[in-house]
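Subject: Structure for your review

Dear colleague,

Please find the structure below, followed by a summary of what was found in it. I would be grateful if you could read the two side by side.

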Amino acid sequence: MVEKKRPLKTRGFYVRMKLRNNKDPYRYLKWILWFSISFYFLSSFLITHNKPTISFSRTTVSHSKASRALIEEASLNSSAVHYLKKTDDSGIFKGMKVYVYDLPSQYNKDWLKNERCSSHLFASEVAIHRALMTSEVRTLNPSEADFFFVPVYVSCNFSKVNGFPAIGHARALMASAIQHISSQLPFWNRSLGSDHVFVASHDFGSCFHTMEDVAVEGGVPQFLRNSIILQTFGVKHKHPCQDVEHVVIPPYVSPESVRVILEKSPLTGRRDIFAFFRGKMEVHPKNVSGRFYSKGVRTKIWRRYGRDRRFYLRRHMFAGYQSEIVRSTFCLCPLGWAPWSPRLVESVVLGCVPVIIADDIRLPFPSAVPWADISITVAENDVDKVGKILEHVAATNLTSIQRNLWDPDVRKALLYYDPLLDGDATWQVLAALSGNLDRSHKKSRVSIQ
């Protein structure tokens with residue numbers, strides 16, 4: 001007799017009843033558990049060992065990228081890898097690569113025989129070069145570069161008469177360097193220099209002259225007009241010396257000297273000087289050259305506040321003047337021959353509120369440095385009101401300004417470190433360049449393909 005099949009709805013009940021009636025119901029549960037665990041491990045084994053193998057074609061992955069991937073896998077805890085991840089994985093520099101030309105020593109290394117070359121206020125040309133040499137964005141393969149850095153030191157020729165940098169040779173030295181690189185490699189001629197980067201760290205930047213009238217008359221040399229210039233000079237209005245693609249950068253201040261000063265006198269220490277300035281102040285507006293130095297602004301400061309006890313003004317240089325800055329609440333930063341001044345950076349990094357007296361100046365790295373929140377701006381024509389302005393600030397929002405000013409990220413953004421640090425001045429330069437990748441021959445070639 002054939003047993004009738006039970007309806008589906010009753011099968012589960014039948015199994016449950018059978019287990020309940022069995023003398024050892026746990027034996028079945030053990031068997032089920034053993035079977036489940038065995039099935040889980042068998043499945044995991046099959047899935048793991050049957051993954052498709054991923055292969056990389058040499059035509060799509062360069063040796064440098066493969067090497068960097070191996071480095072990341074092997075040294076996940078190293079600081080260098082941490083930096084790689086920040087720049088590559090998060091796309092801060094958008095995968096940008098920079099090739100640094102290896103020029104003959106007469107264009108750079110020979111000038112370093114004078115120690116001042118790498119430490120004076122124009123030394124950003126040296127500092128950026130050094131930082132790029134060990135930067136992760138540097139490539140040794142020019143064919144994969146987005147930008148080409150041309151390391152020519154033009155501010156290291158110090159006059160034997162007055163000790164100031166003499167840059168009369170700058171145009172010829174730059175032209176000679178371009179002749180050299182264009183005859184050795186094809187990359188300059190390929191783009192007519194539009195993806196090549198130079199530093200012009202003196203008074204009127206890419207005009208290569210210290211006097212504005214002469215600088216304006218000469219303008220930017222024709223051979224540099226397609227390139228990118230990193231220059232300390234910057235104004236908000238149209239000016240012949242910035243009629244070229246450029247990035248405004250800070251003058252050089254030694255991070256080591258800042259560190260030493262702050263170890264002795266912390267930012268939050270006693271500031272017994274109300275308003276400070278040390279530097280060239282002409283007694284008469286028109287100096288021996290027949291020009292009005294600082295447009296007469298520094299002369300007005302000396303005449304108006306020279307005997308004011310609130311103001312600590314000194315006309316002669318002093319090697320340890322940074323120790324005076326760190327004691328000061330406000331630091332006057334009037335224009336010199338050009339609008340910018342190293343005092344601007346020195347004031348910020350040593351925690352003294354900069355008082356900017358330079359109409360229409362364009363300041364470096366505004367996306368990283370909140371200038372409006374850390375400084376006071378006074379019009380050149382309002383010098384006579386500086387005392388009242390500073391007294392008002394001291395009585396109202398000084399604490400808020402100092403809180404913003406003493407942010408370590410602000411200080412870092414204006415200093416050049418070697419090796420490069422995340423967020424420092426050279427890092428800010430690279431961030432600015434990554435916004436100009438449309439000038440990259442490599443990127444334009446890829447987009448066409």
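What covers the buried residues of helix H5? The cover includes strand S1 (98-100), strand S2 (147-149), strand S3 (196-200), strand S4 (228-231) and helix H17 (425-434). Helices (H or I, at least four residues) and strands (E, at least two) are DSSP runs, numbered from the N terminus.

This is a predicted model, in which local features need pLDDT of at least 70 and side-chain atom pairs count only at pLDDT 80 or more, while totals for chains, interfaces and linings use all residues. Residues are numbered from 1 along each chain as its sequence is written, and side-chain values use heavy atoms, with hydrogens and water left out.

Helix H5

H5 spans residues 124-133, and eight of its ten residues are buried. Buried here means under 20% relative accessible area, exposed over 50%, and partly exposed in between (1.4 Å probe, protein chains only). The buried residues of H5 are Ser124, Glu125, Val126, Ala127, Ile128, His129, Ala131 and Leu132.

Ile374

Ile374 lies in helix H13 (residues 371-374). Ile374 counts as buried because its relative accessibility is 0%. Neighbours within four places in sequence aside, Ile374 is in contact (heavy atoms within 4.5 Å) with Val348, Val353, Pro354, Val369, Ile401, Asn404, Leu405 and Val410. Gly351 stands 23 residues from Ile374 along the chain, and 9.5 Å separates their C-alpha atoms.

Salt bridges

Side chains of opposite charge can pair when their charged atoms come close. A salt bridge is taken as a side-chain nitrogen of Lys or Arg within 4 Å of a carboxyl oxygen of Asp or Glu, and twelve are counted by this rule.

One of them joins the side chains of Lys280 and Glu282, at 3.5 Å from N to O. Lys280 is partly exposed, at 36% relative accessibility, whereas Glu282 is buried, at 17%.

Arg310 has a salt bridge to Asp308 (2.7 Å, N to O) and another to Glu391 (3.2 Å, N to O). Glu391 is partly exposed, with 33% relative accessibility. Salt bridges with shared partners also join Glu256, Arg259 and Glu263 into one network.

With kind regards
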